[in-house]
Amino acid sequence: MMNKSFGEGKERALVLGGGGIYFASWMLGYFHSLTAGGVDLELSDVIVGTSAGSFVGSSIAGGHLARLTREFDFLGKIPELMATLLPSEERSPSQQRALEILKQAEKADPETLREIGRAAMASHNSGMGKLQRVIGLMTGNQRWPSPKFHATGIDCYSGERVTISEPDDISIASAVSASMSLPGSIGPTWLKDQLCMDGGICGTSTHCDLVAGAKRALVLSLSDGNPGGPRLSSLPNSLQQEISDLEAGGTQTFLVVANPKPDTNLLSPLEMLPAMKSGAAKGKADLAKVKKFWMD
């Protein structure tokens, strides 16, 4: 579970950020349009997924994207399995405390992340067994999908980033559930001897530095990284600096942002269908440019 760049010497990198069930649905809609238009995402040499991005990224790495997007009903029916990934709307006092601490945090320094981590560890959330079974069913992965896939999390105790890869010998369901463990809602999740929370509970929702050195990187983010943009916390977002650093290092980047309306509930099942439709429309609009960037 080391933190290093996986992009060095690689041709194509795919970076998928976090953003709740809304962004997971949005990405599936976006990729539905891209794959229908002939963009082969399985050409990725490295995939980094954070939170919602770990769910979608592991599906791509395992070769299950076509099945997953095909099974989504774009005519209006919300998949029951997907809905089970959502946290309950009823919150216990410990969950409310964790959510409030997360909401009030405005710095991404180690002490603040450790405070959020303590609140996450003290939050009385439901068990992870059902969530992990659903992750396996939805992504189609019972084993680690591919050496190219890497998920991110945050160590609750130290506040440090954790990157989970195939050599770590951790189940894919545990890795994805850890990356999705939003304080006060889900988890946290044990990864061997580390208790981990959502990979987006830090100064980034994307962790683009993990693909530094790749020739090209397709980056999907909930927002453009500017202050006040939609996010599941009030923490800063270093996306723009990450993109600048990638390009300064020679990596061509193509940034795709969803930018939902400010009042969008990123955890509401009611937002799933609008998100899929929005993502699909954006995918159609971007198809020619992404195809040239990715396939040439």
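Analyst: Buried means under 20% relative accessible area, exposed means over 50%, and partly exposed lies in between (1.4 Å probe, protein chains only). This is a predicted model: local features need pLDDT of at least 70, side-chain atom pairs count only at pLDDT 80 or more, and totals for chains, interfaces and linings use all residues. Residues are numbered from 1 along each chain as its sequence is written, and side-chain values use heavy atoms, leaving out hydrogens and water.

User: Let me try one residue. Which is S177, buried or exposed?

Analyst: S177 has a relative accessible area of 0%, so it is buried. It is found in helix α8, residues 172-179. Helices (H or I, at least four residues) and strands (E, at least two) are DSSP runs, numbered from the N terminus.

User: Which residues is S177 in contact with, leaving aside neighbours within four places in sequence?

Analyst: Contact means heavy atoms within 4.5 Å. By that test, S177 is in contact with M128, L131, Q132, I135 and T189.

User: Now the whole chain. What share of the residues is buried, and how many helices and strands are there?

Analyst: Of the 296 residues, 57% are buried. The chain has ten helices and eight strands. Take contacts between residues at least 6 apart in sequence: 81% of them join residues at least 24 apart.

User: How do I read the confidence? What does the chain average?

Analyst: pLDDT is the predictor's confidence in each residue, from 0 to 100. The chain averages 88, and 89% of the residues score at least 70. Over residues 74-78 the pLDDT is below 50; beyond near neighbours in sequence, this stretch has ten contacts in the model. Where pLDDT is low, the predicted coordinates should not be read in detail.

User: What about the nonpolar core? How many residues does the largest one have?

Analyst: A nonpolar core is a set of buried Ala, Val, Leu, Ile, Met, Phe, Trp, Tyr and Cys residues, joined through side-chain atoms within 4.5 Å. The largest has 48 residues; W26, M27, F31, V56, I60, L218 and L220 have the most contacts inside it. Helix α1 (residues 20-36) gives the largest share, nine residues. Apart from this core lies another, of 14 residues, including V48, V211, V219 and I243.

User: What does V56 touch?

Analyst: Leave out residues up to four places away in sequence. V56 then touches L16, A24, M27, L28 and F31.

User: How are aromatic rings described, and how many aromatic pairs does the structure have?

Analyst: A pair of aromatic rings is described by the distance of the centres and the angle of the planes. Rings of Phe, Tyr and Trp (its six-membered ring) pair if their centres lie within 6.5 Å; planes under 30 degrees apart count as stacked, over 60 as edge-to-face and the rest as tilted. A search of the whole structure finds five pairs. The Y30 and F31 rings have centres 6.0 Å apart and planes at 70°, so this pair is edge-to-face. Y30 is buried at 0% relative accessibility, and F31 is buried with a relative accessible area of 0%. W144 and F149 make a tilted pair: 5.8 Å centre to centre, with 40° between the planes. W144 is buried at 12%, and F149 is buried at 0%. One aromatic cluster is formed by F23, W26, Y30 and F31.

User: Next, strands. Why is β2 largely enclosed by the rest of the structure?

Analyst: Five of the five residues of β2 (residues 46-50) are buried, so the strand is largely enclosed. V46, V48 and T50 point one way from β2, and I47 and G49 the other way. For β1, five of five residues are buried too. R12, L14 and L16 lie on one side of β1, with A13 and V15 on the other.

User: Which way do β1 and β2 run?

Analyst: Two strands pair if DSSP finds at least two bridges between them. Strand β1 (residues 12-16) and β2 run parallel, joined by four bridges. V15 has V48 as its bridge partner in β2, and L14 has I47. Five bridges join β1 to β7, also parallel. There, L14 stands opposite L218.

User: Last, a helix. Which residues of α9 are buried?

Analyst: In α9 (residues 239-248), L239, E242, I243 and L246 are buried. The arc uses the directions from the helix axis to the C-beta atoms. These residues cover only 100° around the axis, so they are on the same side of α9. They pack against β7 (216-221) and β8 (252-257). G250 follows α9, with a positive phi near 100°.
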